Number of protein chains: 2
Amino acid sequence: MISVEEALARILAEITPLNAMQVPLSEACGLVLAQDIVAQEDIPPFANSAMDGFALLSHDSQPQHGQPSRLRITGGVAAGYVADHAVEEGTTMRIMTGAPLPPGADSVIQVELTRSEGPDSEWVEILEAVPPGNNIRPAGEDMRRGQTVLRQGSEVGPWEIGVLATLGWPTIPVIQQPHVAILGTGDEVIDVDEPLRPGKIRNSNSYLLEAAVRQAGAVPHRLGVAHDTVESLREKFTEAVRYNLIITSGGVSVGDFDLVKNIMAEQGQINFWRINMRPGKPVAFGHIGGVPLLGLPGNPVSAAVTFELFGRPVIRKMMGHTRLVRPQVDVIVEDGVSDRAMRRHYVRARVEWRDGHFVAHTTGNQGSNIMTSLLNANALVIVPEGGVEVRPGDTAKAMMLDWPEE
Amino acid sequence: MISVEEALARILAEITPLNAMQVPLSEACGLVLAQDIVAQEDIPPFANSAMDGFALLSHDSQPQHGQPSRLRITGGVAAGYVADHAVEEGTTMRIMTGAPLPPGADSVIQVELTRSEGPDSEWVEILEAVPPGNNIRPAGEDMRRGQTVLRQGSEVGPWEIGVLATLGWPTIPVIQQPHVAILGTGDEVIDVDEPLRPGKIRNSNSYLLEAAVRQAGAVPHRLGVAHDTVESLREKFTEAVRYNLIITSGGVSVGDFDLVKNIMAEQGQINFWRINMRPGKPVAFGHIGGVPLLGLPGNPVSAAVTFELFGRPVIRKMMGHTRLVRPQVDVIVEDGVSDRAMRRHYVRARVEWRDGHFVAHTTGNQGSNIMTSLLNANALVIVPEGGVEVRPGDTAKAMMLDWPEE
């Protein structure tokens, strides 16, 4: 048996990020930048007003003989427009938030510190002296031309999309999104819309993995279930090698008929491992026709957990991410973990933040055949190898899969 | 001015979940169940073996005269198949993990506790006595027919998809996914692929909100930018009312030209609020043609933050979620917050879990015009109203937007 860490390290050593491509800005969210983003312009591109008010020469705001300065209003400038003349001594222009500062002006006074006779007034009294630069956002205050704004390898989220739009990037250089073939195996597996027949179970893994692959950021392709025949397996693998990654479920455990393993070995170079974890001991990894293949156990609970531990990091590395592993936090396990395992135990649990710390409740019977242990779980509580006991109230590490709303 | 909580409560009071619909299982991930899911069958549907081994009558496993019991092998049963005859006294059948228990047998002994002459052996020695039920997973152990497995209102994630597939649900009753119209306003706004001209800024809000709406679980529809004319605004609103929700940016602050506000008021019932928060004071909410409209500020930083505080909960409520608000945790603000605000301050920050607690670093200049303050942020540190000081190392609440990988 090898450890989870060793298996993951061996797998990731064989995975390289996919190639870069340009995608439209509105499809870039969730992808990873393939190059640094350098501002090609100053942002804001022009000095503009931070307030609604009046643009003026700051020395014109000084009181005259103890009286407020009185300036003639020569026009106005709204956001999106530029002044058609300059502000000269003794004059001022109305200005809206975001509007470009008119030539001549070096300051803006907010409307609340002025007095005029309404929107048609030709004169305004300046009630307070303001320094040069007052209420002015200089060009380049946010981003300067030539500045590296985002680094290669960083993920594009909604807020980064906003910055990229501001900088005028209609297409974005990102690492390609992996396309993942999902293949079930086993004569016992029937499709979800078929009535149960004696001895059969429905194909849950393909649907579960399809959703999990999509959530990890890749594009899933469900190829159905290969029957336990040489022809069926060869046909499915021929189809699967068109994608960037193949994920199978079933056929990799010691007790399984050797057919799947034989076909995998015939078509490529695959290692079969027993991993020191529960659920999900048997996992296969290698290449078929140059395409990485990750073979997960057929048991749905094991498939779900091993996908999180191995499949998701593989997809993230292909996408160009550098941080691959789910975050871990310390949690108080309120109900403890009653069944002790010699292998490292990934216990399905619901974790919430309460009174300054994370609190976990396990999802009941943790048998690897109990699918309901997956329901409403948002974390895997990690019980170390060696039959460690976790009593109610003990603290443990938990790998967070999702963070609940409140 | 009203508080964030009051504004959110008033908005949510006007929002109802959308109607239920059936979607294919593979499109249900991320949606909310519109009804309870009741198991219509036992899962597993039949008693099956938890091990590779031999199915037998448990009393046949007792040693005979101090010698291991010796049983005749009459056949085998693999996963997906049923035995074509029963196990009788003195006989046994090979059985694979997951295969149905043959009639007659009441127990399974794992292969490691037996001795035989290989796969073609006709006889096997039973090396240990096993009780009835040994290594047998009874029918219905995971889910029982009639049991409520998932509740109305719960979110369908990848693992729930797996359970629904196992139960044979090819389509799932969920609350519809909202379609959201996204509308920019302002003559200063040009599209992302246009060269900057004097006074103009690029449309970042529509792209930012498109990605944020999609990430919140809804389907965004970018309608472009309405010009500051009655005709352009009316035309855009006529298009927007085809969707479930309208989100605008710009045109709602006190200083803005009143045109947008006038057209909104002409077409429906809209309230304009000043909210005690920074960034993002002005927000509008109401209905146009029966469709809820949320009017966000035009400033991109304000639009981004107000979407998180108001837009995302609206979308979640429409989707049928009952928990609407991002989780909050306690964080140590390593660098403190230097600029003090009388309004509640939502400070953009990067939060990580380190040595048993969350640590926040702010993203630099927190001016509402500084878009780079949005970059790489995964949290909003909440500084309470009233100019509260947050010194380096102080603890504060943070609203978590995303949880970093490690």
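1. Start with two helices in chain A. Helix 4 (residues 230-240) of chain A packs against helix 5 (residues 259-267) of chain A at an angle of about 45°, and their axes are 10 Å apart. Helix 4 of chain A and helix 5 of chain A are therefore oblique to each other. The crossing of helix 4 of chain A with helix 5 of chain A is right-handed. Keep in mind that this is a predicted model.

2. Which residues make that contact? From helix 4 of chain A come V230(A), L233(A), R234(A) and F237(A). From helix 5 of chain A come L259(A), V260(A), I263(A) and Q267(A). By class, the contact of helix 4 of chain A with helix 5 of chain A has six nonpolar residues, one polar and one charged.

3. Next, step back to the domains. Chain A is divided into domain 1 (4-17 + 177-318), domain 2 (22-42 + 152-175), domain 3 (48-137) and domain 4 (328-400). Note that domain 1 and domain 2 are each given as two stretches of residues. The centres of domain 3 of chain A and domain 4 of chain A are 64 Å from each other, taken over C-alpha atoms.

4. Now look at helix 3 of chain A and helix 6 of chain A. They pack at an angle of about 30°, with 10 Å between their axes. That makes helix 3 of chain A roughly parallel to helix 6 of chain A, because angles under 35 degrees count that way. Helix 3 of chain A passes helix 6 of chain A in a right-handed crossing.

5. Helix 3 of chain A brings N205(A), L208(A), L209(A), A212(A) and V213(A). Helix 6 of chain A brings P300(A), A303(A), A304(A), F307(A) and I315(A). The contact of helix 3 of chain A with helix 6 of chain A divides into nine nonpolar residues, one polar and no charged.

6. Helix 3 of chain A also meets the partner chain. Its axis and that of helix 2 (residues 158-166) of chain B come within 7 Å, crossing at roughly 165°. Helix 3 of chain A and helix 2 of chain B are therefore roughly antiparallel to each other. Here, too, the crossing is right-handed.

7. On the helix 3 side of this contact, look for N205(A), Y207(A), L208(A), A211(A), A212(A) and Q215(A). They meet P158(B), W159(B), I161(B), G162(B) and A165(B) in helix 2 of chain B. By class, the contact of helix 3 of chain A with helix 2 of chain B has eight nonpolar, three polar and no charged residues.

8. How many residues of chain A are in contact with chain B? There are 82, and they are in contact with 82 residues of chain B. Several elements of chain A each supply at least two residues of that side, including strand 11 (148-150), helix 2 (158-166), helix 3 (205-215) and helix 6 (300-318). The residues of the side of chain A that touches chain B divide into 44 nonpolar, 21 polar and 17 charged.

9. The same surface serves both copies, and 99% of the contact residues of chain A recur in chain B.

How values were computed
Residues are numbered from 1 along each chain as its sequence is written. Chains are lettered from A and ligands numbered from 1 in the order in which they are written. This is a predicted model: local features need pLDDT of at least 70, side-chain atom pairs count only at pLDDT 80 or more; totals for chains, interfaces and linings use all residues. Domain bounds come from an automatic or database domain assignment. Two residues are in contact if their C-beta atoms, placed from the backbone, lie within 7 Å. Helices (H or I, at least four residues) and strands (E, at least two) are DSSP runs, numbered from the N terminus. Ala, Val, Leu, Ile, Met, Phe, Trp, Tyr, Cys and Pro count as nonpolar, Asp, Glu, Lys and Arg as charged, and the others, Gly among them, as polar. Axes are lines fitted to C-alpha atoms, for helices over the stretch in contact, and angles run from 0 to 180 degrees between N-to-C directions. Angles under 35 degrees count as roughly parallel, over 145 as roughly antiparallel, 65 to 115 as roughly perpendicular and the rest as oblique. A crossing is left-handed if the near helix is turned anticlockwise from the far one by less than a right angle, and right-handed if clockwise.
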